[in-house]
Amino acid sequence: MRVIGIDPGLRTLGWGVIEQQGSRLSHIANGLCTSSGSDLGARLLSLYEQLSDVFHRFMPDAAAVEQTFVNRDGAGTLKLGQARGIAMLVPAQAGISIGEYAPNAVKKAIVGVGHAEKHQIAHMIGIHFPGVKPAGADAADALAIAITHAHHLQSGARLADAIARAS
């Protein structure tokens, strides 16, 4: 199963695709979608087109998006929410269910603590996928989101198997 993780951002949207075979995870690709355009609509459209291209190239079976946290800058939070809408729309158009994870849940799953720094996440991505160089911090975060979702899907499958065997 191919899983894509998406770290939404209006300037830069990170993405990471991994393959899950049983308990084994493999890196497929990662990258950044960088918005272009003079106004918000054009920037969102550029993110949409780039992320749609990633979906067409790598054909993921599952997707996960980081949840938005609210900060003091209300306008910035709203803009991030609009970029997150693009990150939710593209997998939905592909007919893929979307997992959503809080930033602290991803950090805890990957690093072991919910308030990890970006460099700690990048380090753990290097441990999971030796020799892989994320395209940037947002791509490393996206790979962490994909790993978190893959583990969640795997534990859900194990639970379903246990329930099926018990009945």
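Of the 167 residues of this chain, 41% count as buried. Buried here means under 20% relative accessible area, exposed means over 50%, and partly exposed is in between, with a 1.4 Å probe and protein chains only.

A word on the source. This is a predicted model, in which local features need pLDDT of at least 70, side-chain atom pairs count only at pLDDT 80 or more, and totals for chains, interfaces and linings use all residues. Residues are numbered from 1 along each chain as its sequence is written, and side-chain values use heavy atoms, with hydrogens and water left out.

Now the overall layout. The chain has 5 helices and 5 strands. These are DSSP runs, numbered from the N terminus: H or I of at least four residues for helices, E of at least two for strands. What pattern does the chain follow along the sequence? Read that way, the pattern is β-β-β-α-β-α-β-α-α-α. The radius of gyration is 16 Å, close to the 15 Å that the globule rule gives for 167 residues, so the chain is as compact as a globular protein of that length. That radius is taken over C-alpha atoms, and the rule is 2.2 Å times the number of residues to the power 0.38. Along its principal axes, the C-alpha trace spans about 55 × 35 × 30 Å.

Next, contacts and surface. Take the contacts with a separation of 6 or more: residues 24 or more positions apart account for 61% of them. Contact means heavy atoms within 4.5 Å.

Charges, briefly. There are 14 positive and 13 negative charges, and their mean positions are 5 Å apart. Lys and Arg count as positive, Asp and Glu as negative; His and the chain ends are not counted. Each charge is placed at NZ of Lys, CZ of Arg, CG of Asp or CD of Glu.

On to helix H1. H1 covers residues 40–58, which is 19 residues. From first C-alpha to last, H1 reaches 27 Å, close to the 27 Å expected at 1.5 Å a residue. The expected span is 1.5 Å times one less than the number of residues. Which residues of H1 are buried? They are Leu-44, Ser-46, Leu-47, Leu-51, Ser-52, Val-54, Phe-55 and Phe-58. What do they pack against? Strands S1 (2–7), S2 (12–21), S3 (24–34) and S4 (62–66), and helix H2 (74–93).

Met-59 lies in the loop between H1 and S4. Its phi is positive, about 45°, although Met-59 is not a glycine. Met-59 is exposed, at a relative accessible area of 56%.

Now strand S2, where Gly-16 sits. Is Gly-16 buried or exposed? Buried, because its relative accessibility is 0%. Setting aside residues up to four places away in sequence, Gly-16 touches Val-3, Ile-4, Gly-5, Ala-29, Asn-30, Ala-142, Leu-143 and Ala-146. Ala-146 is 130 residues from Gly-16 along the chain, yet their C-alpha atoms are separated by 6.8 Å.

Follow S2 onward to Gly-22, in the loop between S2 and S3. Gly-22 is at 53% relative accessibility, so it counts as exposed. Gly-22 and Gln-154 are 132 residues apart along the chain, with C-alpha atoms separated by 7.8 Å.

Then Ala-135, in the loop between helix H4 (118–128) and H5. Ala-135 is partly exposed, at 46%. Ala-135 touches Asn-30, Gly-31 and Leu-32, leaving out residues up to four places away in sequence. From Ala-135 to Gly-16 is 119 residues in sequence and 9.5 Å in space, C-alpha to C-alpha.

Helix H5 spans residues 137–166 and holds Asp-141. Why does Asp-141 count as buried? Because its relative accessibility is 7%. Asp-141 touches Asp-7, Lys-118 and Ile-121, again not counting residues up to four places away in sequence.

Last stop: Lys-79, in helix H2. At 42% relative accessibility, Lys-79 counts as partly exposed. Lys-79 and Ile-98 are 19 residues apart along the chain, and their C-alpha atoms are separated by 21 Å.
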